[in-house]
Structure formats: C-alpha cells, structure tokens
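Morning, everyone. Please bring the structure up on your screens, and we will walk through it together.

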Amino acid sequence: IPPLFTAVQEQARARQAQLTKPAGSLGQLEDISIQLAAITGQLRPALANKAVIVMAGDHGVAHEGVSAYPSEVTPQMVLNFLHGGAAINVLARLNGASVRVLDVGVDGDLPPHPLLCAAKVRRGTGNLRREGAMQPAEAVAAIEAGIRAAQEAIAGGARLLVTGDMGIGNTTASAAIAAVVTGRTPAEVTGRGTGLDDERLRHKVLVIEAALAARQPNAADALDVLAKVGGLEIGAIAGIILAGAAARVPVVVDGIISTAGAAIAVGLCPAVQPFLIAGHRSV
C-alpha cells in the first residue's frame with residue numbers, strides 16, 4: 001500500500017484557502033477534496049468513472065432467526081441488482097456509476113449475467129453460533145475474490161470504488177466483528193438490521209454473545225475474526241479496499257457491513273485507512 005502524496009495534500013489545503021468562500025463553509029466536502037488529492041496525487045482528480053461492487057453471500061446464522069427475512073431473499077435480491085431494480089441501481093444511475101455483483105457465497109445457483117462475477121467460495125457461511133463461519137483458507141479466498149474484482153474494475157477505468165453488500169444475516173456477523181474490534185458489548189453495536197422488534201433484537205444480541213463466547217476470535221488477528229464470526233462478502237469487501245488502496249483509488253464505504261469489511265482490511269493492513277471515505281454514519 002503506497003503512502004499518501006503529502007505534498008499534493010498540502011497544495012490542496014492551500015488551494016482551499018484561495019477559493020472565494022468562507023473558510024470551512026463546505027464542511028466535510030473540503031476535507032474530502034484534500035483527501036482525494038492526497039490519495040491520487042492530483043489537485044483536481046478525475047473521478048468520473050465510478051464503480052459500485054456489491055458483494056453477495058449467505059450466512060448460516062440466519063437460521064437462528066436474527067433477520068426479518070429468510071435466506072431465500074439473498075439470490076432474489078441479487079437478481080434484482082442485476083436487472084437494475086434495486087435502490088443502489090437508482091442511486092448509481094443518478095451518479096453515473098456502474099453496478100456489478102460479486103457472488104462469493106450465495107447459497108443458491110445464479111444464472112450467468114454480464115454484470116455478475118461468479119467467485120463462490122462456498123454456499124454460505126457456517127452458523128457462527130454453532131461453529132466457525134468459515135475456514136481460514138476460505139476467508140483468504142473471499143478476500144482474494146474481492147481483490148480480483150477491484151483490480152478488474154480499475155483496469156476497466158474505475159477511479160472511485162463503492163462497496164456494497166447483500167446477504168441475509170450479515171448485520172449479525174458485522175455486529176460480531178464490531179464488538180470484537182471495538183471491545184464494546186454486542187448490545188452496544190447491534191442494530192435492528194432488516195427491522196427487528198425489541199424481542200427479536202434481544203435474541204440477536206444473545207446469539208452474538210453466544211457466538212463470541214464459543215468462538216473466541218482474536219481481536220489482534222483480523223483473519224481469525226473474519227474466519228470465526230465474519231462473512232464471505234465481508235471478506236470480499238476487505239479485498240476491494242486492499243486493492244483500491246494499492247492502486248491509489250479511493251473507496252467509499254457504505255453501511256455497517258462495508259464498515260465491518262473495512263475493519264478487517266485495516267486490521268490486515270493499517271495503511272489502507274486513509275484511502276477510505278465513509279458514505280454515511282451507520283450504527
């Protein structure tokens with residue numbers, strides 16, 4: 001992972017002071033513009049070619065009743081992405097971005113499609129309450145699938161990557177990762193996911209607590225955390241981030257699952273952190 005262009009970063013900061021506007025009036029947009037200059041080495045980086053990559057994978061923990069929807073929804077939503085009918089398709093069209101789907105672990109067969117990249121490591125993860133989510137080698141394979149997908153997008157001209165996800169049960173795995181990485185309790189970092197009521201949210205927290213007690217993931221070993229309580233699509237997101245940073249391409253991290261993937265990527269290689277931009281502030 002290369003270092004930032006610190007000289008260009010300072011030039012961008014100085015340029016902000018010369019523009020006809022009150023200092024700081026554009027808020028975070030000013031900070032992001034300086035960050036983009038530091039990443040790309042260009043005062044006015046060309047980011048017209050944008051690629052959204054949606055990573056898809058199922059989760060064995062969905063069988064514990066942690067989601068309002070069954071796992072069968074995952075392949076249905078992937079087909080929706082491919083046919084342009086999901087919210088991300090609308091947002092991408094409005095922003096001139098392409099959308100591709102990377103299947104690293106959908107528990108079902110998907111028909112070939114020009115926008116679908118088939119890189120299935122296995123058909124969904126193990127139920128992390130009962131067993132490890134995946135083997136370490138499978139975690140590595142998921143990361144490598146994300147790396148390849150990002151490299152292909154960058155070779156095709158993408159100069160900004162956006163990570164997306166699809167996988168029923170993946171907020172449970174993401175909350176487990178968040179608890180391990182931050183040292184907070186599952187109750188503090190677990191959200192309602194697809195819209196759970198209070199009783200089912202409490203059940204979801206209990207499932208994560210049981211998984212962490214049984215699996216004992218090592219917070220100092222990102223690959224161990226991913227393999228024990230993560231997800232295949234979360235590993236692929238980490239791969240997207242690693243490849244983007246290696247190519248000096250900024251990566252927009254969108255949502256709690258992508259944030260969990262970013263935590264894994266930063267755990268594997270802290271130098272990727274300056275290449276990340278938060279798309280929004282989730283739980």
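Start with a charged pair. Arg-130 and Glu-64 form a salt bridge, with their closest N and O atoms 2.8 Å apart. By salt bridge I mean a side-chain nitrogen of Lys or Arg within 4 Å of a carboxyl oxygen of Asp or Glu. Arg-130 sits in the loop between strand 3 (116–118) and helix 5 (136–155), and Glu-64 in the loop between strand 1 (50–57) and helix 3 (73–82), so the pair ties together parts that are 66 residues apart in sequence. Helices (H or I, at least four residues) and strands (E, at least two) are DSSP runs, numbered from the N terminus.

A word on the source. This is a predicted model: local features need pLDDT of at least 70, side-chain atom pairs count only at pLDDT 80 or more, and totals for chains, interfaces and linings use all residues. Residues are numbered from 1 along each chain as its sequence is written, and side-chain values use heavy atoms, with hydrogens and water left out.

Back to our pair. Glu-64 is buried, at 13%. The cut-offs: buried is under 20% relative accessible area, exposed is over 50%, and partly exposed is in between, with a 1.4 Å probe and protein chains only.

How many salt bridges are there by this rule? The count is 10. Take another one. Asp-109 bridges to Arg-123, and here the closest N and O atoms are 2.4 Å apart. Asp-109 is in the loop between strand 2 (97–105) and strand 3, while Arg-123 is in the loop between strand 3 and helix 5, so this pair ties together parts 14 residues apart in sequence. Asp-109 is exposed at 65% relative accessibility. Arg-123 is partly exposed at 44%.

One more pair. Arg-184 and Glu-188 meet in a salt bridge at 3.3 Å, N to O. Both partners are partly exposed: Arg-184 at 49%, Glu-188 at 47%. There is also a network. Salt bridges with shared partners join Glu-64, Arg-129 and Arg-130.

Two strands pair if DSSP finds at least two bridges between them.

Let's walk across it. Strand 2 and strand 3 pair in parallel over three bridges. Leu-102 stands opposite Cys-117 in strand 3. Next, strand 1 and strand 2 pair in parallel, over eight bridges. There, Ile-53 faces Arg-100 in strand 2. Strand 1 and strand 4 are joined in parallel by seven bridges. Val-52 has Val-162 of strand 4 as its bridge partner, and Met-55 has Asp-165. Then three bridges join strand 4 to strand 5 (residues 251–253), again running parallel. Leu-161 stands opposite Val-251 in strand 5.

How covered are these strands? In strand 1, seven of the eight residues are buried. In strand 4, six of the seven are buried, so strand 4 is largely enclosed by the rest of the structure.

His-59 is buried, at 2% relative accessibility. Leaving aside neighbours within four places in sequence, His-59 has contacts including Ser-71, Thr-125, Asn-170 and Glu-233. Contact means heavy atoms within 4.5 Å.

Last stop: a pair of helices. The axes of helix 1 (residues 6–18) and helix 2 (residues 28–40) come within 7 Å and cross at roughly 150°. Axes are lines fitted to C-alpha atoms, for helices over the stretch in contact, and angles run from 0 to 180 degrees between N-to-C directions. Who makes the contact? On helix 1, the residues include Val-8, Ala-12 and Gln-16. On helix 2, they include Ser-33, Ile-34 and Ala-37.
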